[in-house]
Structures are given as structure tokens and as C-alpha cells.
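This briefing concerns a complex whose sequence and structure are shown below. Please consult them alongside the text.

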Amino acid sequence: MGMLKSLPKQISDPLVENNPIASQVLGICSALAVTVMLEQAVVMSLAVIFVLSGSNVILSFMRKGLPSRIRIIVEMCVIASLVILVDQVLRAYFFQLSKELSVFVGLIITNCIVLGRAEAYALGNSPWPSFLDGLGNGLGYTLVLCVVAALREILGSGTIWGIALIPQAAYDMGYVNMGLMVLPPGAFILLGLYIWLQNTLLGRAGEE
Amino acid sequence: MNDNTYTLFYAAIVCFICSFMLSLFAVGLQPAQQKAAKLDLYRNILNVFELKKEDGSEMIDSEVESTFQASIKEIVIDRNGKVIEGQAFSDIPQNEKCELLYTKFPSNPEDCKLSVYSKVTDGVASAYAIPLEGKGLWSTLYGYLALEGDGSTIMGITFYKHAETPGLGAEISKKWFSDNFKGKKLLDNTGSLASVKVYKGKAKDSGLPEDHVVDGISGATITADGVTDLLKHCATVFDPFLSKIRKAGA
């Protein structure tokens, strides 16, 4: 925990204490969808980090002149543009990955974390802290996604980053991959366990 | 300036900047995207014909292009299987090409055009790849089916474009799934079209003849059924052309 303390609060806070997925239960939809394989989860996380810190910075610059009546629409406009940008770049330079992710990249627009951080932080703070906040929340999202994806890939497919982990001998002896882990309910169960574990470790009592 | 005018003005500026930036990037990245899509298609076709480098390593982009040009030939045919010489498929106007999808296929014009790829070894066509197209669960699946010179034995199958669920339906583009198709046959012993069925479960439990069934994907029954349907449909569409090859070979 010592290392965490030396980081700016905007980054350390959303990693564990205020993790967007595990504490605020935001962005669950994509956390269920892209955690079948670790590689996809990592690319998705990088895309979310880019969009989140980018939109936070841009919206923080715009915050003084932004008419409050069209606030949400302008936020969505900025976020959607960044997401389309990510999608286009993936399609040009990482064709294989974009083929596997394409549907889900588009769905970053609807990821509550992005709009949530814009509303809750970027509109009230200057660009540099807003950037750190976006980065921190993106990393918090990454942490949970990678843990869940790694477990799902090992248990559900017997591989990690596409490399076989369970030896063929085990399959010959009757070991079977856990089909449940490949399906969305597997992610739900793991995510629930993750949140339970985190709350226990942080000493949070059950809420009333 | 009153409040409403300012808001409208602000919205207009945001829209303008966003759309300008996006169109700039879309146009700027288009050549790279088209090249990536073309190379991906080439890679898939080389794969389905099992054209690999001798040491088994991955081909780099320029090698993909040169190998493709050296050993793959496009053949344009009409829907009755007649070969049309001297025309590249990409030069044919869109409305003269057949719509391959089974819902659209019956409404095609009588003389619509199709294309197949052939693998050329020492100047002779030794294998053929026919395009596949059909519905999965979420999306249309696009792929190629490679057949040996007998027009019936399957060399390989590949799906290069789809939007099925990663980890489930998307397994159709994985090696384990396509490997199951190797050596299966489109024709049965009597020479009539039997196609290949993706069975829900293990193929050996299906009770179907071994040459016409492969293992299914658990959790992806609808995608798998889609593959069964599109194989049957596309094998029927290309049957006139394939029969000619079978006759020539016999």
C-alpha cells in the first residue's frame, strides 16, 4: 500500500478504494462482455483509458463556457467522437483485434464510467487533475477487467493470453474446461466474488 | 448575446469541430483500412489453401501479397457455372454480381456473376475456394470453403468477417473449428450433394456418416446452425461449376 500512497490521489483512489467497477458498480456491461479472453480485455482497457482521459481533458477545457442545458449532449458528442476515432485507428492498424472487438469498442460510448467521470469530475476541475482522474479510473477498470478475464480464460478455456496452460495430459485424464466461465454468468459470479473480497479486505461492513 | 443564441451557437461549433475531425480521420485512415482488409482476405485465402511458409512462421504483409499473386487465380463464372474469360470480378458492376445470401439469392438476375479462387500449382488449377455467406446469430458470416481438385473433399474453411460473440460464436474462425472440416466431403457415396452438418455436441455421437458431420461449439448453437445452412446453400449455388470440375477430373 506504500507505493499507492506516493501516487496522486486521483490515480490511487479509483484503483481500489473507489474502483469504478468494484465499488461504484459502473461499466458492468462491458466487463461482462469482453472478459472471455485476456487479450481482448487488455485492448478494451487501453481503449477505455484513452477515451476516458481524453474526454476528461477536453471537457475540462470546455467547462467554463459550456451551457448547462446542453451539457450532457455535448459530453456525449465528445465521447462518441473519441470512440469512433479509436475504432477507426484499430481498423487501420490492428485489423485482427478490431475484428474481435468491433462491437464492444462502439459500446464504450455507453460505458457509464466515461460519462460519470465527465459529470462528477472533469466539469469541476482543471485539465491536469482531470487527466489524472481519467487515467486513474481507466486503470481501475483495467485492474478488474484483467483479473476477471485471466480467471475466466484459465478456467473456461484452459489458456492464458491464448497459450495453453492446462497440459493435454490433464484433458486425457478427463479434465474438462468449465463451460460456465465462457458464458456471461461466469463473469457475474467472478465479479461478485471480487467485490465481496475487496469489501472484506477494506473492512467495509454490509450496507444497510 | 442572449442565452438561447449562445447555446445554439455553442452547439453548432461543437458539432462542426467533431464532424470535421472525424471526417478528417476517416478519410486519412481509409487507405490503411482498405489495405488491412485486403491483406486479411488474402491471408484467409492462403490459409484455407494451406499455403504457408516452409518454416511455419507468420508471413509479413509483402509476402502475403506476392504469394497470393503467384499462386492464386480468380475465376469469374455465371450462375450456371460457365467460366467467363478476360474479366476481373472487381470490374463487374455491382448489379451484375449475384447476391449470395440465401434470402436474396432467388431474386438475382439470370446471368449474374460469381467468383471463385483457384490454387495454381505448376500452371494447373489444383484446388478451388468458393465464397460462403450466411446468417449467424448476430451477423452475416463471410468466408471461403476450399475444395480439392475432386470438387468434393474439403481442404479447409475460413470465416474472415463476422460479428459473433467473442469466445462463443466467434470460435468459428478459430483453428480447432476449421481443422474439423479437413477431409470431410460435400458429396456422398452416390454422388449427390450431402454437405456437412455442424452437430450440436460431439460429431461421433450424432449417428450421421462420418464424412458429413463435425463437432459443434458449446454455447453457440445458432451460429453453428447458421454454418450448416450456409454450407448447404453455397454448395448448391456453386454446384453447377463444381460438377464441371468433377467431370473434367474424372
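How many bridges join strand β4 of chain B to β5(B)? Nine bridges link β4 (residues 124–135) to β5(B), and the two strands run antiparallel. This is a predicted model, in which local features need pLDDT of at least 70 and side-chain atom pairs count only at pLDDT 80 or more, while totals for chains, interfaces and linings use all residues. Residues are numbered from 1 along each chain as its sequence is written, and chains are lettered from A and ligands numbered from 1 in the order in which they are written.

**Sheet of chain B**

- Chain B holds an open sheet of six strands, ordered β2-β1-β3-β4-β5-β6, with antiparallel pairing; two strands pair if DSSP finds at least two bridges between them.
- Helices (H or I, at least four residues) and strands (E, at least two) are DSSP runs, numbered from the N terminus.
- The edges are formed by β2 (83–84) and β6 (154–161) of chain B; each has a single partner strand, so one side of each is left without a neighbour in the sheet.
- Within the sheet, B:Tyr128 stands opposite B:Leu147 of β5(B).
- Helix α1 (residues 3–48) of chain B packs on the sheet and touches β1 (72–78), β3 (113–121), β4, β5 and β6 of chain B.
- The direction of α1 makes about 165° with that of β6(B); axes are lines fitted to C-alpha atoms, for helices over the stretch in contact, and angles run from 0 to 180 degrees between N-to-C directions.

**Interface**

- In the complex, 24 residues of chain A are in contact with 23 residues of chain B (C-beta atoms, placed from the backbone, within 7 Å).
- On the chain A side, α5 (71–93), α6 (95–106) and α10 (179–182) each supply at least two residues, and α5(A) gives the most, with ten residues.

**Backbone with positive phi**

- A:Val25, which is not a glycine, has a positive phi of about 50° and is found in the loop between α2 (9–15) and α3 (28–33) of chain A.
- Phi of B:Ser195 is also positive, near 55°; B:Ser195 is found in the loop between α3 (175–179) and β7 (197–198) of chain B.

**Confidence**

- Chain B averages a pLDDT of 86, and 98% of the residues score at least 70 (pLDDT is the predictor's confidence in each residue, from 0 to 100).
- The predictor gives the complex an ipTM of 0.77 and a pTM of 0.78.

Methods
Contact = placed C-beta atoms within 7 Å.
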